[in-house]
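Please read the points below alongside the sequence and the model.

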Amino acid sequence: MATEGKVVEHPKKAFGWAARDPSGVLSPFNFSRRETGEKDVAFKVLYCGICHSDLHMAKNEWGTSFYPLVPGHELAGIVTEVGSKVEKFKVGDKVGVGYLIDSCRSCQDCNDNLENYCPKFVVTCGAKYRDGTVTYGGYSDSMVADEHFVIRIPDNIPLEFAGPLLCAGVTVYSPLRFFGLDKPGLHIGVVGLGGLGHMAVKFAKAFGANVTVISTSPNKEKEAIEHLGADSFLISSDPKQIQGAIGTLDGIIDTVSAVHPLLPMIGLLKSHGKLIMLGVIVQPLQLPEYTLIQGRKILAGSQVGGLKETQEMINFAAEHNVKPDIEVVPIDYVNTAMQRLVKGDVKYRFVIDIGNTLKPSS
């Protein structure tokens, strides 16, 4: 298996934007990609989404980043070269790379197409391959990856919409499918209406669910119902509204990444209901155990998806016209976009127009 860290005599020149320290400020950066190996796919990056985790990694808020750090794990582009043993792709294909760029390929999780739970998985940016080489992400002109970690983009999905599906899309699609919350007629709650939350609403509706958005912000009700197609809206800080909806939901997708009370959410579940946590919360949460026991309710977590499931997700999205709401920006706007992301000032995903705005002289 080819890896980013293999020794090559003539590495390919590449360029992008990188953070060089925990300030998180990005600026132009020249670096090298590996030569295209026999199982590798090389592609020109045309678009790259900006995920909230890009901000965390650029500022090393999780304590795992390596500098210089080229962010970006929502890449979409066109194949420019394939290795001699590549079977699934050819030059000119529309492809993408999501959160994962490598895994051990031999553990039980990898054998079960769950590379996202491999103990040795490698993320696409700001991490290190097993040989110690740093991974560079999609705020750049090109990518080289083993074909196993490359996703085919269906023809009817424009490339600017593809990247966020490879992260936010599969992150909500995977738990909806795994926990059986993909059946028509179920009543699904979605907590939080951001990059993940708006995709959870869209996929749940595509599965045929009745969807209730749960938020602390009353001003999001019109957006949730009239624009995203949710069926109802609950203000989580309103005891009367919460009390009136007790025991009505088959499942809840909780996308909030800040500390918030779980008790009201668990109370909204029917018996055997499932509360699935997707937000990365550093501080411990209080778990009201008795409310789980009473009704045999389940509290679980989920993290992105494996490669097979990611391909399944984007094929489903193409068939059901599920696309993220995006704001396309040039590369030299990226630092401003990061500042707006902190404030929640985006509906609902920034996407960098790499192909038209990233230049070697940037």
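Pro68 sits in the loop between α1 (52-58) and β4 (75-82), where helices (H or I, at least four residues) and strands (E, at least two) are DSSP runs numbered from the N terminus. The model is predicted: local features need pLDDT of at least 70, side-chain atom pairs count only at pLDDT 80 or more, and totals for chains, interfaces and linings use all residues. Residues are numbered from 1 along each chain as its sequence is written, and side-chain values use heavy atoms, with hydrogens and water left out.

**Backbone geometry**

- The peptide bond leading from Tyr67 into Pro68 is cis, its omega being near -5°.
- Asn60 is also found in the loop between α1 and β4, and has a positive phi of about 55° although it is not a glycine.
- Another cis peptide bond links Lys347 to Tyr348, with omega about -10°.
- Tyr348 belongs to the loop between α10 (334-342) and β17 (349-353).

**Surroundings of Pro22**

- Pro22 is placed in the loop between β1 (12-19) and β2 (26-33).
- Leaving aside residues up to four places away in sequence, Pro22 touches Ala58, Lys59 and Tyr67; contact means heavy atoms within 4.5 Å.
- Pro22 and Phe66 are 44 residues apart along the chain, and their C-alpha atoms are separated by 9.8 Å.

**Salt bridges**

- The structure holds 17 salt bridges, each defined as a side-chain nitrogen of Lys or Arg within 4 Å of a carboxyl oxygen of Asp or Glu.
- One of them pairs Lys39 with Glu147, whose closest N and O atoms are 2.6 Å apart.
- Lys39 lies in the loop between β2 and β3 (40-50) and Glu147 in the loop between β8 (142-146) and β9 (151-152), so this pair ties together parts 108 residues apart in sequence.
- Side chains of opposite charge can pair when their charged atoms come close.

**Domains and their interface**

- The chain is divided into domain 1 (3-167 + 318-353) and domain 2 (169-301), with bounds that come from an automatic or database domain assignment.
- The C-alpha centres of domain 1 and domain 2 lie 29 Å apart, and the contact takes 13 residues from domain 1 and 15 residues from domain 2.
- Domain 1 and domain 2 bury about 1200 Å² between them, 55% of it on carbon and sulfur atoms; buried area is the accessible area (1.4 Å probe) that two parts lose on being put together, summed over both.
- Two salt bridges are counted between domain 1 and domain 2.
- Glu223 and Lys347 meet through their side chains in a salt bridge, at 3.7 Å from N to O.
- On the side of domain 1 that touches domain 2, helix α3 (residues 159-178) gives the most, with four residues.

**Database record**

- An unreviewed UniProt entry lists residues 24-352 as "domain: Enoyl reductase (ER)"; UniProt positions are given in the numbering used here, feature names are shortened, and annotations may be inferred rather than shown by experiment.
- Over residues 24-352 the chain is 27% helix and 26% strand, and the end C-alpha atoms are 17 Å apart.
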